[in-house]
Amino acid sequence: SSSAASDVYKRQIYGNCGYGKARTTMNAIQHLKKEAIAGGVTNAAINGILGWLIFGGGPPLTWTGEQNIAADVIATCLLLPLLLTLILIPIQRAKRKKGELTSIDLGPESRWQRLANRLPSNTFWSAVLFALAGTCLIAPTTLAVFHYAGITAITPLYYSLFKAAWAGAMAAAIVPLLVLVALRKDALTHL
């Protein structure tokens, strides 16, 4: 039947990774890795293209002026975690509600799980918190690297390539934590 074929297809795609009742910690880790890679690659492509569309063909980006490094880094550090949270958490929860995924709990020995358990379950408040963390932690660190590396100007091409790699890495680092927040056991009661 088509339902059985669909079930086999889902199991091939998800690899029993959080799918149905047979999920193990290893499958949960595989699911987190798969989501991190997908989020990283997707955000690298989107941010690289956006960087080129916004800055391509223009003058080099500097620390001041209309097109500057600091403003774009800060905006990206605010918007990327905010949008990732507002998109990813509802998608993961919808899949869990449909039975395609189950709750994930990596156990009390997992630092990531302990951190996820302390974060808000509410999607809006999680988005606000991740946006603030990006703006207050990642943006200053990134700008400090630019400053201490002596980078005062960068061509649009090189900035777009940097932005692609940097935003992809940032997304890949954030996504597993977002998935843990979305799929923890109490998550459905705090939409």
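Not counting residues up to four places away in sequence, which residues does Asn 47 touch? They are Thr 76, Leu 80, Lys 163 and Ala 167, where contact means heavy atoms within 4.5 Å. Keep in mind that this is a predicted model, in which local features need pLDDT of at least 70, side-chain atom pairs count only at pLDDT 80 or more, and totals for chains, interfaces and linings use all residues. Numbering runs from 1 along each chain as its sequence is written, and side-chain values use heavy atoms, with hydrogens and water left out.

Asn 47 itself sits in helix α2 (residues 25-55); helices here are DSSP runs of H or I, at least four residues, numbered from the N terminus. With a relative accessible area of 8%, Asn 47 is buried, meaning under 20% (1.4 Å probe, protein chains only).

Now take helix α3, residues 69-97. After α3 comes Gly 99, with a positive phi near 90 degrees.

Last stop: Leu 183, in helix α6 (residues 156-183). Leu 183 counts as buried because its relative accessibility is 0%. Leaving aside neighbours within four places in sequence, Leu 183 is in contact with His 31, Gln 92, Arg 96, Leu 101, Thr 102, Ser 103 and Ile 104. Take Arg 96: it is 87 residues from Leu 183 in sequence, yet their C-alpha atoms are 7.4 Å apart in space.

Note on methods. Helices (H or I, at least four residues) and strands (E, at least two) are DSSP runs, numbered from the N terminus. Buried means under 20% relative accessible area, exposed over 50%, partly exposed in between (1.4 Å probe, protein chains only). The expected span of a helix is 1.5 Å times one less than its number of residues.
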